[in-house]
Amino acid sequence: MPWQATVLTLFPEVFPGPLDASVLGRARAQDLWALDTVNIRDFADNDYGSVDAPPYGGGAGLVMRVDLLAAALDSIDIGERPIILLSPRGAPFDQERAAHYAGGPGVVLLCGRYEGVDERLARARPIIEVSIGDYVLAGGEIGAMVLIEACARLIPGVIGSAQSLSEESYTSSADPNGPRLLEYPQYTKPREFEGLSVPEVLLSGDHQAVARWRREQAEAVTKKRRPDLIGAGHKKTND
Ligand code: ADE
């Protein structure tokens, strides 16, 4: 069984969307990972297909109904997969969490819309709330795509070179307990562009000097842009 993402959404037509482009699309065609959607509206108990209702206690907007969402979840074969509700109130999604989910059998993703989801869903089913960042989207669909893309590219065989995975931003370097660093800058042809030249050391053929320079550059850019990553240590994602 390939790694499987099942997305519960009111907008199944937006999937796979960009997930079918390029290397991830080819990998899906080769059954290295799989994607299916469930239309939450199919579980509506009225002719209009509405799955939301006004909040108890009053206030703006509509809240997605716990009974219909539970029915949608209960209709699928979840197996050992985590059930993840995309929400700005969730735990932050990061590379550790992506690697954690990529190492399992897949994910079940629930995309919220409107003002939110009835809080009882997280009591009635084993739900993990995950946020892709500190901003509010109109719904969980794009968040689900972000999560799927970050995980699917870590599945063995999806991306050619294991080295390109281990050297990229947010992944630790040689020392697994060392700091997380942003990636060093890259250069390619042409050697001159509008008076801008490629750093001399990259043309030197001295592999050790290149490695040292890249490490220094990675540290410098991380210190400047993301000082929070330095000394952050490694945390473990258990859920
Ligand atoms: N839905 C709305 N905002 C979101 C966010 N920041 N992350 C995940 N899902 C969301």
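Reply: Of the 239 residues of the protein chain, 41% count as buried, where buried means under 20% relative accessible area, exposed over 50% and partly exposed in between, with a 1.4 Å probe and protein chains only. This is a predicted model, in which local features need pLDDT of at least 70 and side-chain atom pairs count only at pLDDT 80 or more, while totals for chains, interfaces and linings use all residues. Residues are numbered from 1 along each chain as its sequence is written, and side-chain values use heavy atoms, leaving out hydrogens and water.

The protein chain has seven helices and nine strands; these are DSSP runs numbered from the N terminus, with helices (H or I) of at least four residues and strands (E) of at least two. Along the principal axes, its C-alpha atoms fill a box of roughly 70 × 40 × 40 Å. Among contacts in the chain with a separation of 6 or more, 74% join residues 24 or more positions apart, a contact being heavy atoms within 4.5 Å.

You will find Ile76 in the loop between α2 (66-74) and β5 (83-92). Ile76 counts as buried because its relative accessibility is 16%. Setting aside neighbours within four places in sequence, Ile76 is in contact with Thr6, Leu8, Val38 and Val108. As for Arg120, Ile76 is 44 residues from it in sequence and 20 Å from it in space, C-alpha to C-alpha.
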